[in-house]
Amino acid sequence: MSISSISTFRAFKGNNFKYYFAGRSISQFGTWMQRTAVIWIIYSHTHSPFMLGVTVFAEQFPSFLFSFIGGVAADRYNRSRIIRWTQIGAVVQTSLLAILLLNNRIVIWEILSLSVLLGIINAFDVPARQTMISQVVQNESDVPSALSLSAAMSSVCKVLGPAAAGFILEHWNAGIGFVLNAIGFMLVIGCFSMMKLKPYQKRITDKKIIEEFREGIVYLKNTPDIGRVILMLSLIGLLVLPYDTLIPEVAKVTFKGGPATFGYISGFIGLGAVSGTILLASLKRNDNLRFYLILSTVMLGIGLICFALATNFYWAMLFVVFTGFGSVMQFTSCNIIVQSETAPHMRGRTISILLTAIFGMLPLGSLLTGYASEHIGSSHTILIQGVMAILISIIFYRLFYTKKKHLPLSDTEGSINRKY
């Protein structure tokens, strides 16, 4: 029996998804390794929680500024070609970082500038990758499985990437990790070149980019069920998910550790994330993902509260598993809901709005988290973020379900049929 015959792994029926999955695995591993190394390098030279927020802001805010252009580009142009060009840009970016670190030239503004460049690259890469999934699976019904498996793989990389970064930082020059990452991006280009996709058909339009993006906004106004999901993710991105900005300080101050401790905490967060995405991949097509969205947000909040109060390292690792489970299951549920309920011709723009929301809120939330930690400490900040997650889940539970009780029976049945 092949692995693709198991419901959870049904997306592997086609070779295109196998190449897509392999390329994305290499890319995600390198991205998490690089991100962990950059954050630790900045913190070890500044010892400032606020600078941790600035580091995340430098990478993610450019993605917020350009994601709407990337989303329109994913709807207009050949997505495979866009991904090849973004990988070439990533090779250049990580190679420059490698040169700086191998020559022991650690200048904060130079590293932050290269993080800004990576954020711009991701603004075009992520929408193209996300919307390309429907092209690389054999059947449209396999899209949820493909999305969940991709998220699970990303979670595995979130375990292995930081662990590898911690080992390299502990024993070698950080530039070695960036060299390996540059090689990995070149392998990604090879994986995407091996896919056999249908000939690209250019979409002819005389509309301007901003006009097409506006159409996406109007579409969400006319489909509030999707809009509320994106709004919930935005609030979580602003007020809760930037908790990971403070992990280096927790590792160093609370648990008196170094880069290896930072890698362990990040790795256990990733371990929880793997569990969450495998669960999502195993769900049936008619399962109510909005229920899992609320449940995962509650788990995220409880995990953060317990982690903030923990003083024993081993107990803390248990709690961050729950945190990782909740955070990735929350984002992946949103992603599947949006991709599966959006009309195909609007998918790229809707995904770009989703990414614009998360990329806009996360960097702003990281600055807010870093600022709060400077004044009240990292543990108190994480505790407040856990409480906020539970409050948001209560509010959106009422928005998702209370309104349905007042709908006519036929409308309620229609909304149930749209659940995914």
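**Figure 1. Surroundings of His47 in the predicted model.** Leaving aside neighbours within four places in sequence, His47 is in contact with Ile42 and Lys252, where contact means heavy atoms within 4.5 Å. This is a predicted model, in which local features need pLDDT of at least 70 and side-chain atom pairs count only at pLDDT 80 or more, while totals for chains, interfaces and linings use all residues. Residues are numbered from 1 along each chain as its sequence is written, and side-chain values use heavy atoms, with hydrogens and water left out. His47 is found in the loop between helix 1 and helix 2; helices (H or I, at least four residues) and strands (E, at least two) are DSSP runs, numbered from the N terminus. With a relative accessible area of 49%, His47 is partly exposed; buried means under 20% relative accessible area, exposed over 50%, and partly exposed in between (1.4 Å probe, protein chains only). The C-alpha atoms of His47 and Glu249 are separated by 8.2 Å, although these residues are 202 apart along the chain.

**Figure 2. Helix 9 and the residue after it.** Helix 9 spans residues 247-254, and its buried residues include Ile247, Pro248, Glu249, Val250 and Ala251. Just after helix 9, Lys256 takes a positive phi of about 55°.

**Figure 3. Crossing of helix 1 and helix 2.** The axes of helix 1 and helix 2 (residues 49-76) come within 9 Å and cross at roughly 145°. Axes are lines fitted to C-alpha atoms, for helices over the stretch in contact, and angles run from 0 to 180 degrees between N-to-C directions. Helix 1 makes the contact through Arg35, Val38, Ile39, Ile42, Tyr43 and Thr46, and helix 2 through Pro49, Met51, Leu52, Thr55 and Glu59. Arg35 also lies over the face of Trp32, at 5.0 Å from the ring centre; a charge sits over a ring if NZ of Lys or CZ of Arg is within 6 Å of the ring centre and within 35 degrees of the ring normal.

**Figure 4. Aromatic pairs.** A search of the whole structure finds 11 aromatic pairs. Rings of Phe, Tyr and Trp (its six-membered ring) pair if their centres lie within 6.5 Å; planes under 30 degrees apart count as stacked, over 60 as edge-to-face and the rest as tilted. The ring centres of Tyr20 and Phe192 are 5.9 Å apart and their planes are at 70°, so this pair is edge-to-face. Tyr20 in helix 1 (residues 15-46) and Phe192 in helix 6 (residues 174-193) are 172 residues apart, and both are buried. Phe255 and Phe313 also form an edge-to-face pair, 5.3 Å centre to centre with 80° between the planes. Phe255 lies in the loop between helix 9 and helix 10 and Phe313 in helix 12, so the pair ties together parts 58 residues apart in sequence. Phe255 is buried, at 15% relative accessible area, whereas Phe313 is partly exposed, at 23%.

**Figure 5. Nonpolar cores.** A nonpolar core is a set of buried Ala, Val, Leu, Ile, Met, Phe, Trp, Tyr and Cys residues joined through side-chain atoms within 4.5 Å. The largest has 78 residues, of which Phe17, Ile265, Phe307 and Phe400 touch the most other members. Helix 12 gives the most to this core, with 10 residues. Apart from it lies another core, of 16 residues, among them Ala37, Leu97, Ala98 and Leu100.
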